Amino acid sequence: MSDVVIKVNGVSKSYKLYEKQTDRIKEAWSLGRKKVYHTDCFALKDIHFEIRKGECVGIIGTNGSGKSTLLKIITGVLKPLCGTVEVKGKISALLELGTGFNMEYTGLKNIYLNGTMMGYSKREMDEKVQDIIDFAEIGEFIYQPVKTYSSGMFARLAFAVAINVDPDILIVDEALSVGDIFFQAKCYKKFNEFQDQGKTILFVSHDLGSVLKYCDKCILINKGQQIQMGDTPDVVNIYRKILVNQYKDEEEKKTQEEPKENLVEFSENRLWKDQLTLNPHVVEYGNGKAEILDFGIFDSAHRATTSVFKGKEFSVEFKVLFKVYLKNPIFAFTIKDLKGTEITGTNTMLEQRNLEEGKEGDIAIVAFCQKMSLQGGQYLLSIACTGYEGDEFVVYHRLYDVCNIHVISDSNTIGFFDMESKVVYR
């Protein structure tokens, strides 16, 4: 008897994209000779894999790669365009916050609702409900509508339900990231218990440290295509190449075969910032006496990237055009967390590396080089050119939260940065 509990065979999924809402209506009413007003966007293309009983399998990939879509197909929330999915055993899925919950119901009523969806009777859920309430630790809020919950409370309840209904297969999609550190530790302890009991776990996360620690195997999806399935360290290494734009797919390999002269010319003419994920709502201001023309984040090999490995050297660099003569311009950068808290940063005045002058029409290129000590996660970068005119502080050009920095870490400590502690038993 086969011990394969999840078998995905040739699964593809596409969505129709319309330029205008009226195009959707036109297409719906174009009976007979049906006109096509949409373009197909493939979220998944020809996905194949098998997962065996007792395995903890990670699914990794960049945002928009199709991970959540794949999980929804496995759980039956979505239907594939083509291909088949076979599942043996009872699935408990913790997908996006809100999936499987009625926001108008109380937490307690949602516990019973989820149990019913999984095929449990009220009597069976009566036996489980106290364990769920105890695990969630949300107190009297269990009797309040879940629409009043914070994201952390919601995650607590959703995970408590998912792991206390005795599933054969547990599917978790990034939902643990909203819980506090103590709740996350509690959940990962439960992961270990599930593995010891021979349960199957399908785990989607951007936390590579957790993926490496808990997952026996890993599936890598990029732009809807399955790149690799295999041992977790090997697959994570391929994913790291994708994050720093080193992974080459077949189209990029064709580009590599072009004459080197063309490649050099393309590289030199390309702006640094075009290779970053820019904030469409960046806050930009200044008196215009200087202008930041270009900026970039670079790894230790001076490759432009938005992903930096913890413990590795990287640089923040930008080019500034002086519109008028400026004496002692100051260049600066800061890094914030997603809540807007400034975590670190510096400027050329603090570093005692000021430029004496910027002549009209000159372009200055400044590079801040350092080692990444922040914990794994997402951060925001701000850059500026400022200075003093007499005793007055002046902003010439500032870009707030202009792009993101993704710090990749195999191991995180507590807080914002790593003190690189060494444990010694004496």
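Guide: Contact means heavy atoms within 4.5 Å of each other. This is a predicted model, in which local features need pLDDT of at least 70, side-chain atom pairs count only at pLDDT 80 or more, and totals for chains, interfaces and linings use all residues. Residues are numbered from 1 along each chain as its sequence is written, and side-chain values use heavy atoms, without hydrogens and water.

Visitor: Which residues of α4 meet α5?
Guide: Helix α4 spans residues 122–136 and helix α5 residues 151–163 (helices, H or I of at least four residues, and strands, E of at least two, are DSSP runs numbered from the N terminus). On the α5 side are R156, L157, F159, A160, V161 and I163. By class, this contact has eight nonpolar, no polar and one charged residues (Ala, Val, Leu, Ile, Met, Phe, Trp, Tyr, Cys and Pro are nonpolar, Asp, Glu, Lys and Arg charged, the others, Gly among them, polar). The α4 residues are I132, F135 and A136.

Visitor: At what angle do α4 and α5 pack?
Guide: Their axes, lines fitted to C-alpha atoms over the stretch in contact, are 8 Å apart. The angle between them is about 140 degrees. That makes α4 oblique to α5 (under 35 degrees is roughly parallel, over 145 roughly antiparallel, 65 to 115 roughly perpendicular, the rest oblique). To repeat the value, the angle is about 140 degrees.

Visitor: Which residues of α4 make the contact with α3?
Guide: The axes of α3 and α4 come within 10 Å and cross at roughly 130 degrees. That makes α3 oblique to α4. From α3 come L108, I111, Y112 and G115. From α4 come K122, M125, D126, V129, I132 and I133.

Visitor: Are the rings of F101 and F154 stacked or tilted?
Guide: Ring centres within 6.5 Å make a pair, with planes under 30 degrees apart stacked, over 60 edge-to-face and the rest tilted. F101 is in the loop between β5 and α3, F154 in helix α5, 53 residues apart. Both F101 and F154 are buried, meaning under 20% relative accessible area. Their centres are 5.1 Å apart and their planes at 55 degrees, so the pair is tilted.

Visitor: Which residues form one aromatic cluster?
Guide: The rings of F318 and F368 have centres 6.2 Å apart and planes at 25 degrees, so this pair is stacked. F318 lies in strand β13 and F368 in strand β18, so the pair ties together parts 50 residues apart in sequence. Both F318 and F368 are buried. The cluster is made of F318, F331, F333 and F368.

Methods
Axes fitted to C-alpha atoms, helices over the stretch in contact; angles between N-to-C directions. Phe/Tyr/Trp six-rings, centres within 6.5 Å; stacked < 30°, edge-to-face > 60°. Buried < 20%, exposed > 50% of the residue type's maximum accessible area, 1.4 Å probe, protein only.
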